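Have the structure open while you read.

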Protein chains: 2
Amino acid sequence: MSLAKKIISGDRRALARVLTLVENGDAHSKDILAELHPYGGKAHFVGVTGAPGVGKSSLVNFLAQSLRVLGDTVGVLAVDPSSPFGSGAILGDRVRMADLTGDDGIYIRSMASRGAVGGLAYATGAAADVLDAAGFNYVIIETVGVGQSGVEISNHVHTTIVLVASGAGDDVQAIKSGILETADILVVNKADLPGAEHVLADMRSNVVMNPSPAPSDHHAKSKQFDGSDLAWRVPLLSTVARSGDGVDLLIKSLLQHWEYLENSAEIDNRRRTRIRAILESLLRNRLYTRFMEDISRKQFDALLESIVLRDIDPYSAAARLIEEKYKASCLDKA
Amino acid sequence: MSLAKKIISGDRRALARVLTLVENGDAHSKDILAELHPYGGKAHFVGVTGAPGVGKSSLVNFLAQSLRVLGDTVGVLAVDPSSPFGSGAILGDRVRMADLTGDDGIYIRSMASRGAVGGLAYATGAAADVLDAAGFNYVIIETVGVGQSGVEISNHVHTTIVLVASGAGDDVQAIKSGILETADILVVNKADLPGAEHVLADMRSNVVMNPSPAPSDHHAKSKQFDGSDLAWRVPLLSTVARSGDGVDLLIKSLLQHWEYLENSAEIDNRRRTRIRAILESLLRNRLYTRFMEDISRKQFDALLESIVLRDIDPYSAAARLIEEKYKASCLDKA
């Protein structure tokens, strides 16, 4: 049986193996992903993002467990390189949690940020596709919400949950730089800490009442904040991830958002945005790999040296390299 | 006079304009960068990275001012999207600082993380080249050290300073995930806070005494920790960025690192690594742009739709698109 077939039949060891192949950018992984493609398209992809320390891992833990209790299966991808996942203690907690449930209904996987061929976003997207094809109802992607990764993740999921912590002043500041606009659901975590009311009020006035315009260039989400029936109002929730308080309301919002996506044309938009991002990554990587295969190491190194010596600038060098290669390849074929 | 010539002659308004063009990926910017290229290659590129909240901005402020007092000119690129740069208050401080000095010897620029064509790392590298050609002795790039950006920045600078804060337990955790290995200089900031001794001791035993092996795939830095003359021992410093304590020793280490780079073959390695990263970005973007120009919107959208409908998988679709296009373009020319 092929690895893809094994995954579809529920083989967890095959799943783990393929996720490793995907992460490493193994050449074989594309064939497996292609074979899995017809079985995907059913899962609800959920992104959980926010600055380091806001409690993403704890919240994802509770979210996964609660969804499981409701009868759903959940795959989790932890992409945050600063996530406690990477360290011993909390990884232990997660493994223990998975052990305790004693079933195959929860699958947790940490994505290494290094060495992911074609970029981490691409590898994560492909890994989510694998979990989708494996039959998980929910695929939760936990990613650190700073830098581009936090913004990019919204292109790879159906629902983006943005987490802000109360108590830490600079978290609010951090979060003000472009991530809030990607939120479908806004969560103020650590709501039991002093200052929670202040953060909630701040969010309510600055974000919910006067939403920043969604950046139209980054994703095709159309969010309206008016009262029309098929519009989505970004809910502002508060949770205490350590104890699980508020997770029930978060799940309610998650279900409502899925309902909204399915009842509007929005689900198609998001699926298209996601596929477009994957296709673009694939094309970029293939074009570059194909190009470099035809260029000798010697030729490339000589060019590098000329740039370092300032005999030629990189912009002219890149243009020249492409022109020469295109001409040569067509002459070969003609 | 061309914009490039104006920049070289010290025109700060031309500098600002070109940095905007670079950031926006304006087509014209490549020509300007090409014209500037022969004038570059002199500046010392310094990366300052670390988790949000460790005090990068304050430290960079002191560092820039102190270098200026020593007679050097300093350009600063703040890439951290969660940096206080983005918000009013501290941006005000920085502008005030620049105003106070009343000279053109310090130039500060915030890089927007969104919409940077070809990626933020590429735009930042190009912006650093512009500041280099403009004659700044130091170009300091401040970047958030989580996700890939923190790791990538070490490919774009000659010296990487990694900042860890004392007092915050999860900062140390965050920093353990791959950024420490990129450090040429390690700084424990907020050394006046309780717990500083603990963090320093932790760093000393875990990092300095038992250094993790440098990831050979990511950059060509060869770091040795033995006693040979041309080896670089990563120094462990402590600072209080709010007051400037320890910045003098940091500058001393910075000068020593430059001396080490120049006396070993390492400076050439790093220049080559940097140029290679720029050339790769350029090739990837040009190849993709060129490819997409020849593909009709209609053709692309139809393919997207087939993938969404699961008639074809993205991997086969990308391969097919490339094959068809290559064949067609050569037939045209033959």
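## A buried alanine to start

B:Ala123 counts as buried because 25 C-beta neighbours sit inside 10 Å; the cut-offs are 20 or more other C-beta atoms within 10 Å for buried, 12 or fewer for exposed, and partly exposed in between, with C-beta atoms placed from the backbone. You'll find B:Ala123 in helix H6 (residues 120-133) of chain B. Helices (H or I, at least four residues) and strands (E, at least two) are DSSP runs, numbered from the N terminus. B:Ser57 is 66 residues away from B:Ala123 along the chain, and their C-alpha atoms are 20 Å apart.

A word on the ground rules: this is a predicted model, where local features need pLDDT of at least 70 and side-chain atom pairs count only at pLDDT 80 or more, while totals for chains, interfaces and linings use all residues. Residues are numbered from 1 along each chain as its sequence is written, and chains are lettered from A and ligands numbered from 1 in the order in which they are written.

## The sheet in chain B

Chain B has an open sheet of 7 strands, in the order S3-S2-S4-S1-S5-S6-S7, and the pairing is parallel. Strands S3 (106-110) and S7 (236-238) of chain B are the edges, each pairing on one side only. From one strand to the next, the twist averages 20 degrees. Two strands pair if DSSP finds at least two bridges between them; S6 (residues 185-189) and S7 of chain B run parallel and are joined by 3 bridges. In that pairing, B:Leu186 has B:Leu236 in S7(B) as its bridge partner.

Most residues other than glycine have a negative phi. Here are two that go the other way.

## The core

Which residues have the most contacts inside the largest nonpolar core? They are A:Val130, A:Ile140, B:Val130 and B:Ile140, in a core of 160 residues. Such a core is a set of buried Ala, Val, Leu, Ile, Met, Phe, Trp, Tyr and Cys residues joined through C-beta atoms within 7 Å. Leaving out residues up to four places away in sequence, A:Val130 touches A:Ile7, A:Leu15, A:Val18, A:Leu19, A:Val22 and A:Leu36, where contact takes C-beta atoms, placed from the backbone, within 7 Å.

Technical notes:
Axes are lines fitted to C-alpha atoms, for helices over the stretch in contact, and angles run from 0 to 180 degrees between N-to-C directions. Two residues are in contact if their C-beta atoms, placed from the backbone, lie within 7 Å.
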